[in-house]
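Please open the model in a viewer and keep the selection panel at hand. The stops below are meant to be followed in order.

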Amino acid sequence: HPQDNYQYAYDKYITALPDQTGQRAAMAGADYERLTSTYDPVDLSRVNAPLIAHWNAGGWVTISLHARNPWTWGNARDKKIGKYTDLFRPGTKAHTNWTTQLDRVAAALQELQAAGVTVLWRPLHEGNGKAFWWTKAKSRDDQIRLWRETFNYFTVEKGLHNLLWVYSVVRIKDDNIRPVDYAYPGAEFVDVVGMDAYMPELAFDSEYQV
């Protein structure tokens, strides 16, 4: 949809649901990257408006982040990265772009916090897979560090306390997928665990046993 039509999408898929099915949607979700490629706070505020209304009506809110590549500013699936540890070194291009991105996203999340909205927050998802730039770390410790530093930046630097951090993995279906706890950052950095499923593979076998 055009940038101004987030409310249109909410009305089409959620507001209209009771008339079509007799049931209300408990959860409303958005992906900040999917809805804007520039992370313009004004655009993200437009995304937030129907989410705030959904929360105020008694619903739950979830937000994902297909974070853009800090080296190239390409999309989340652009896996052309430089030295991964540059993400943690102030003054590098990767660190500057990553921090700029986090700042813009944090501004949108702060708007939700000010409105009293609790968010099931799902960043850096499918860390046990190999589909996104953040999964290209040569060391699992670096990937874990990225989650922990992102957590600390949002909670300490930005004062965000309305986020339930969701560690979401991808189901093990081939050799391209690593163990579900591969990039697990620790219980003190995670509130909820979950799993991505792609139709028709909805059975989770033994993954949740881990």
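The tour goes from the whole chain to the sheet, then to the core and some single residues.

**Before selecting**

This is a predicted model, in which local features need pLDDT of at least 70 and side-chain atom pairs count only at pLDDT 80 or more, while totals for chains, interfaces and linings use all residues. Residues are numbered from 1 along each chain as its sequence is written, and side-chain values use heavy atoms, with hydrogens and water left out.

**Stop 1: the whole protein**

Show the protein as a cartoon: six helices and five strands are present. Helices (H or I, at least four residues) and strands (E, at least two) are DSSP runs, numbered from the N terminus. Read from the N terminus, the order of elements is α-α-β-α-α-β-α-β-α-β-β. Of the 210 residues in the protein, 47% are buried; buried means under 20% relative accessible area, exposed over 50%, and partly exposed in between, with a 1.4 Å probe and protein chains only. Among contacts with a separation of 6 or more, residues 24 or more positions apart account for 71%, where contact means heavy atoms within 4.5 Å.

**Stop 2: the sheet**

Select the five strands next. In which order do they lie in the sheet? The open sheet has the order β1-β2-β3-β4-β5, with parallel pairing; two strands pair if DSSP finds at least two bridges between them. β1 (27–31) and β5 (192–196) stand at the edges with a single partner strand each, so one side of each lacks a neighbour in the sheet. From one strand to the next, the twist averages 30°. Axes here are lines fitted to C-alpha atoms, for helices over the stretch in contact, and angles run from 0 to 180 degrees between N-to-C directions.

Now step across the sheet, pair by pair:

- β1 and β2 (residues 60–65) pair in the parallel sense over five bridges, and A30 stands opposite I63 in β2.
- β2 and β3 run parallel and are joined by five bridges, with L65 opposite P123 in β3.
- β3 and β4 run parallel and are joined by three bridges, with W121 opposite W165 in β4.
- β4 and β5 run parallel and are joined by five bridges; G194 in β5 is the bridge partner of S168.

**Stop 3**

Colour β3 by accessibility. Five of the five residues of β3 are buried, so the strand is largely enclosed by the rest of the structure. Both of its faces are covered, with V119, W121 and P123 buried on one side and L120 and R122 buried on the other. Move to β4: seven of its eight residues are buried, so β4 too is largely enclosed by the rest of the structure.

A crossover is right-handed if, with the strands pointing away from the viewer, the path from the first strand over the helix to the second runs clockwise. A right-handed β-α-β unit is also made by β3, α6 and β4. Helix α6 (residues 140–157) packs on the sheet, where it touches β3 (119–123) and β4 (163–170), and its direction makes about 160° with that of β4.

**Stop 4: the nonpolar core**

Display side chains. A nonpolar core is a set of buried Ala, Val, Leu, Ile, Met, Phe, Trp, Tyr and Cys residues joined through side-chain atoms within 4.5 Å. Which residues touch the most other members of the largest core? Of its 50 residues, these are Y32, L109, W121 and F154. Elements that each supply at least two residues of this core include α1 (6–15), α4 (41–56) and α5 (93–114). α5 gives the most, with eight residues.

Centre the view on W121. Not counting residues up to four places away in sequence, W121 touches I63, S64, L65, V105, L109, F154, L163, L164, W165 and V166.

**Stop 5: two single residues**

Select E33, which lies in helix α3 (residues 32–35). Is E33 buried or exposed? At 11% relative accessibility, E33 counts as buried. The side chain of E33 makes a polar contact with the side chain of R68 (2.8 Å). A polar contact is a pair of N or O atoms within 3.5 Å; within protein, one must be able to donate a hydrogen and the other to accept it, and residues adjacent in sequence count only if both atoms are side-chain atoms.

Finally, select A9 in helix α1. A9 counts as buried, at 17% relative accessibility. A9 and P50 are 41 residues apart in sequence and 9.4 Å apart in space, C-alpha to C-alpha.
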